[in-house]
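Hi everyone, thanks for making time for this. Let me put the sequence and the model up on the screen, and then we can walk through them together.

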Amino acid sequence: MSATTLRDIISSENPGAKDLFKLKNKVRQDKMLRLHISAQQDVADNADEDLGQTWFKKMAKIMGQIDNHVKYCVPFPKVGRQFRFLDLGCCPGGFSTYILKKNKTSTGLGVSLPPDAGGHAFLMDPVLQERYSVIFSNIVQFQLGLEPVFYPYTHPLPTFPPLPPQLTSREYDLILLDAHQLRNQVDAGALLAVSQIIIALSTTKVEGSTIVMKLSNAETPYTARILFMLYMLSSSLIAYKPYLMHRTKATFYAIARGVGGGAVRHSYLQRFLPQFQTLWMELLTRQNSMFGNHDLDFIASDSDLIAYAPILNDLCRDVWEVQKNALAALSETLGVN
């Protein structure tokens, strides 16, 4: 299914989304809007220490907004109840800081690209680090396939190292998927996305875990399929765009609760996980960072997506509305008709 086809289906039932898609086309065609967004990206790619601190504080507030919106994915401490979380793409540490401050008995593990490899600096308060540990590594360079992968696909390494034990243990109540390819990096974006999903599906608790996943462009077949998967795996699914995020951008968070818990949802998890592991091995051989048109057909066929479109519309209506209003305001501010 093409992105245009899915957008047309959504637009036919959602006038607000239809208006948003028109505004997105305007952004692509208008030089002034493109220059404005390019300037924002340049600032992000060359953040100094002060801006890093600003983002750190903003991310902590965004995690608070997510938590409050879903009532609540981070519990207050309770006697006899442990709370453990995993944060993929953790640096500078804002999300994890919010969790550790709210739940003062929680413990966490973060994974982030090393700063000397282009990752963000780790800015968490040393006192909070007593309940937290960090693995500085590129997660796409762990062995995530069904079979060992050797040179030449692992060049310059002779083979990918296995996942650390902490990333294969089903012990996490909350799993945050916020790692993303930086524009000044050359790693494959599709490989990073699949790597995160494999780790998440390998670390959910038997009774079910909450997954908070950053996504973008909910109207595309890729994101729609990921949301379909989370819908099938979870007891509840919410899409939310915190007001502190870049509201003109298409990013948002999916919050899936009870992932993998119960016989039916666990059976779906057991079905999806090896498929992603197989896809991970296939992606290693590719020369670009994009998903192929049929890579995620194992999640949902085109007919499945068509049937899912009304649910997708309800799920993402508010996300699209926030971005539509922000793009309309930006166009007016810049004097773009």
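This is a predicted model: local features need pLDDT of at least 70, side-chain atom pairs count only at pLDDT 80 or more; totals for chains, interfaces and linings use all residues.

Staying with α2, which of its residues are buried? They are G16, A17, L20, F21, L23, K24 and V27. These residues sit on the same side of α2, because they cover an arc of only 160° around the axis. If you are new to helices, here is the background: an α-helix has 3.6 residues a turn, so residues three or four places apart point the same way. Now turn to the face of α2 that looks away from the buried side, and you will find the exposed residues P15, K22 and Q29 there.

Let me zoom out for a moment. The protein chain has 9 helices and 7 strands. It is 337 residues in length, and 50% of them count as buried. If we take the contacts in the chain with a separation of 6 or more, 74% of them are between residues 24 or more positions apart.

Now for the sheet. In what order do its strands lie? Reading across, we go β3-β2-β1-β4-β5-β7-β6, which gives an open sheet of 7 strands with mixed pairing. At the edges are β3, residues 132-136, and β6, residues 236-240, and each of these pairs on one side only. On average, neighbouring strands of this sheet are turned by 15° against each other, ignoring direction. As a reminder, strands of a sheet pair through backbone hydrogen bonds, either parallel or antiparallel.

Let's look at β1, which is residues 84-88. This strand is mostly covered, with 4 of its 5 residues buried. On one side, β1 pairs with β2, residues 107-112, in the parallel sense over 5 bridges. You can find that pairing on screen by looking for R84, which stands opposite T107 in β2, and for L88, which stands opposite V111. β1 is also joined to β4, residues 174-177, by 4 bridges, and these two strands run parallel as well. There, L86 is opposite I175 in β4.

What do β1, α5 and β2 make together? They form a right-handed β-α-β unit, with α5 covering residues 94-102. Helix α5 lies across β1, β3, β4 and β7, and runs at about 170° to β1.

Over to β7, residues 251-259. Is β7 largely enclosed or largely open? It is largely enclosed by the rest of the structure, since 8 of its 9 residues are buried. Strand β5, residues 209-216, is joined to β7 by 7 bridges, and the two run antiparallel. In that pairing V212 stands opposite I255. β6 and β7 also pair in the antiparallel sense, over 5 bridges, and Y240 has Y253 in β7 as its bridge partner.

One more helix for you: α8, residues 263-283. It has 21 residues and reaches 31 Å from its first C-alpha to its last, close to the 30 Å expected at 1.5 Å a residue. Its buried residues are L269, F272, L273, F276, Q277, L279, W280 and L283. They lie on the same side of α8, because their arc around the axis is only 160°. What do these buried residues pack against? Their partners are α6, residues 189-203, and α7, residues 221-233. On the other side of α8, A263 and V264 are exposed.

Finally, a look at K57, which sits in helix α4, residues 49-70. Is K57 buried or exposed? K57 is exposed, with a relative accessible area of 53%. The C-alpha atoms of K57 and T97 are separated by 9.1 Å, and these residues are 40 apart along the chain.

That's my tour, and I'm happy to go back to any part of it.

Terms used:
Residues are numbered from 1 along each chain as its sequence is written. Side-chain values use heavy atoms; hydrogens and water are left out. Buried means under 20% relative accessible area, exposed over 50%, partly exposed in between (1.4 Å probe, protein chains only). Two strands pair if DSSP finds at least two bridges between them. A crossover is right-handed if, with the strands pointing away from the viewer, the path from the first strand over the helix to the second runs clockwise. Axes are lines fitted to C-alpha atoms, for helices over the stretch in contact, and angles run from 0 to 180 degrees between N-to-C directions. Contact means heavy atoms within 4.5 Å. The arc is that of the directions from the helix axis to the C-beta atoms. The expected span of a helix is 1.5 Å times one less than its number of residues.
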